[in-house]
Every structure is written in C-alpha cells, then in structure tokens.
Amino acid sequence: MSARKVRVEFVDAQGQGVAGVSVKASGCSELETGAAGQAFFLVEDAEFAISANGAEVWRGALTSAPEKLVFKQDGSGWQAA
C-alpha cells in the first residue's frame with residue numbers, strides 16, 4: 001500500500017483552531033498543531049490511529065479515512081466532529 005497524506009484539525013466549541021495540541025498518527029512522529037489547529041501526516045500503515053495529548057481519538061483503515069479528520073474539544077477531551 002502506498003502512503004497517503006492525512007490532515008487532522010482540532011477545533012474548540014466555537015469552531016476555531018486550537019494550537020499546541022500534541023498529535024500522533026501510528027507510524028509517524030508526534031507533532032503539535034499550528035495556529036490553525038492543523039497537523040499533517042504521511043501515513044503508510046493500512047490500519048492506523050490518531051492520538052491527541054496521549055489519548056486515542058480515532059482508529060480506522062487508511063483506505064476509508066477521510067482526507068481531513070476534524071476533532072472538536074469537549075469536557076472529556078476530543079471527539080470526532
């Protein structure tokens with residue numbers, strides 16, 4: 001399977017990007033979101049997970065993952081939007 005770019009975006013309750021979230025995709029280095037709340041990964045694993053601040057927030061197949069995964073901040077952490 002070839003690698004694919006995956007974009008993740010973390011937003012607050014008002015939909016504004018959240019900077020400084022520590023994000024990791026399986027098989028990739030950990031990154032921090034920029035000012036717009038986004039990070040980009042080049043994922044090679046057929047099945048992969050996304051973790052935010054050490055907690056898994058998404059898991060699935062690379063072939064069925066959307067080009068952009070959006071997570072909204074709530075009282076218990078991050079939820080897929």
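**Strand pairing in the predicted model**

Strand β5 (residues 47-52) and β6 are joined by six bridges and run antiparallel, where strands are DSSP runs of E of at least two residues, numbered from the N terminus, and two strands count as paired if DSSP finds at least two bridges between them. Within β6, Arg-59 is the bridge partner of Ala-49. The model is a predicted one, in which local features need pLDDT of at least 70 and side-chain atom pairs count only at pLDDT 80 or more, whereas totals for chains, interfaces and linings use all residues. Residues are numbered from 1 along each chain as its sequence is written, and side-chain values use heavy atoms, with hydrogens and water left out.

The pairing of β5 with β6 belongs to an open sheet of four strands, which follow the order β3-β2-β5-β6 with antiparallel pairing. Because β3 (31-32) and β6 (55-61) stand at the edges of this sheet, each with a single partner strand, one side of each is left without a neighbour in the sheet.

Further pairings involve strand β1 (residues 4-11), which pairs with strand β4 (residues 38-43) in the antiparallel sense over six bridges; here Arg-7 stands opposite Phe-40 in β4. With strand β7 (residues 68-74), by contrast, β1 pairs in the parallel sense over five bridges, and Val-8 has Leu-69 of β7 as its bridge partner. Strand β7 is in turn joined by four bridges to strand β8 (residues 77-80), the two running antiparallel, and a hairpin connects β7 to β8 through two residues. In this pairing, the bridge partner of Asp-74 is Gly-77 in β8.
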